[in-house]
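Hi everyone, thanks for coming.

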Protein chains: 2
Amino acid sequence: MKSITFIGAGNVATHLAKAFFNEGFDIEQVYSRNIDNALLLADEVQSIAIDNLVTLNSNADLYIISIKDDAIESVLQQVLDKNIFITHTSGSIPITIFEETGFKNYGIFYPLQTFSKSKTINLLEVPFCIEANENEDLLYDLANKLSNSVHLVSSEQRKKLHLAAVFACNFTNHMYAIAEDLCSKNNVNFNILKPLIRETAEKITLNHAKDVQTGPAIRNDEKIIANHLSQLDDLINYQEIYRLITQNIQKDK
Amino acid sequence: MKSITFIGAGNVATHLAKAFFNEGFDIEQVYSRNIDNALLLADEVQSIAIDNLVTLNSNADLYIISIKDDAIESVLQQVLDKNIFITHTSGSIPITIFEETGFKNYGIFYPLQTFSKSKTINLLEVPFCIEANENEDLLYDLANKLSNSVHLVSSEQRKKLHLAAVFACNFTNHMYAIAEDLCSKNNVNFNILKPLIRETAEKITLNHAKDVQTGPAIRNDEKIIANHLSQLDDLINYQEIYRLITQNIQKDK
């Protein structure tokens, strides 16, 4: 496999396209609805930018669709050549979408990581979840060129993993955002909390999260809990989250 | 300041006593209601174990109470010599508790970190929050012997910081626990999520958490959200948490 075309030019497509380009792959074309976005990425990986799927050629050995989940189906319908080897990078769209839109050779190429334009990622440590109808080995070997952590994961497992990731990453980040907001509202330096945040994330690499739970909820310290809830009297949303998570930690004991 | 007595022999007392012992301090006495716990720690820091506060001597330059928040007041009442220099390590008990129980020379010595017996901590990076009625400089210098991150924090600020820490640490850990439980219920390897967890925690050291929020909630991806909620139909607690946090991320946009 030598050449790859990217359908999409967002965070994930950008990280992957650059990584493959650095590994010596030809990036054949870069498609985006927005030609400026396509040009931006195409420029970085010496590729050709297109903003119309009619101009998508069939020269690439692999096509990677990396766009918003809810746009995947409609884009797949617009891809005319149904004989290309095509994949998507979504955590939650099942592999059956390819058969439903008429493709014969397809798979999933899902990097399980949170990508931001503002932060580079060491792809070597990013787990890639691979699935394919025919050419699983090809995709597996391809992912192995970028990462040391490649896994064969079925659509059903991937769906569960994606749900778990929402808790582990998206909801966790929202907890950080609430903490930061509480600090800023009260003129306290949020930086003081950063070592705690780092340690909390590190702790579970060696322990089960459930076994290292600390805080007033797990200690059943009702006095502190009541005090915290009253501090949140003016922030009803936070109060509701505090109450619900506290109850759930106590139930889980 | 040369000698310290610990009232309490739990996680925090153990970490602090060992650190001070290694710095050349004499650990005068170690008190615990449970003599076995007192003996365990006293043994490690060449100290004397006691389980009755009547036998607490007045020889130490500093007394550090490190016990459950709701036991602090009653223990302070049992300490007979009100002229000793006494501190506690709690994030949420205000400094006024010392005056209320008759002490004259007191302060707060609060290491803002999550301590577990199963994991050693590099105290150098742990923020210490210091407050005192008279000898703030003494406590500040003392904390500086253990840590590179010492802060003067008022009781009011400390209360807010502690509340923020519950979100940033305790609730975050519960999100990990839910993710781990979902993986184990569905036979998916939780290890695949660990780089994501690490990256999520690292990301906010350089960005505001709010600015790096990812996931279906911030994208308003209602199809995925509905799919995730339906996956949680048999796990009502998790479903409720999913719904509430998702709503709050969307409100905050």
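Let me start with a term: buried area is the accessible area, taken with a 1.4 Å probe, that two parts lose on being put together, summed over both. Please keep in mind that this is a predicted model.

So, how much area is buried between chain B and chain A? About 8800 Å², and carbon and sulfur atoms give 65% of that. In residues, 89 from chain B are in contact with 88 from chain A. For those of you who like charges, the count of salt bridges between chain B and chain A is 0. Polar contacts are there, though: 30 residue pairs between the two chains.

Which elements of chain B give two or more residues to the side that touches chain A? They are α3, α6, α7, α8 and α9 of chain B. The largest share, 25 residues, comes from α6(B). Sorted by class, that side of chain B has 42 nonpolar, 28 polar and 19 charged residues.

Now for the sheet. In chain B, 8 strands make an open, mixed sheet, ordered β3-β2-β1-β4-β5-β6-β7-β8. At the edges stand β3 (48–50) and β8 (150–152) of chain B; each has a single partner strand, so one side of each is left without a neighbour in the sheet. From one strand to the next, the twist averages 25 degrees.

Let's zoom in on one pair. Strands β6 and β7 of chain B run antiparallel and are joined by 5 bridges. There, B:Phe109 has B:Ile130 in β7(B) as its bridge partner. Helix α1 (residues 11–22) of chain B packs on the sheet, touching β6 and β7 of chain B among others, and its direction makes about 165 degrees with that of β1(B).

Terms used
Residues numbered from 1 in each chain as written. Chains lettered and ligands numbered in written order. Predicted model: local features only at pLDDT ≥ 70, side-chain atom pairs only at ≥ 80, totals over all residues. Heavy atoms only, no water. Pairing = 2+ DSSP bridges. Helix = DSSP H or I, 4+ residues; strand = E, 2+ residues; numbered from the N terminus. Axes fitted to C-alpha atoms, helices over the stretch in contact; angles between N-to-C directions. Contact = heavy atoms within 4.5 Å. Salt bridge = Lys/Arg side-chain N within 4 Å of Asp/Glu carboxyl O. Polar contact = N/O pair within 3.5 Å; in protein donor to acceptor, adjacent residues only side chain to side chain. Nonpolar A, V, L, I, M, F, W, Y, C, P; charged D, E, K, R; others polar.
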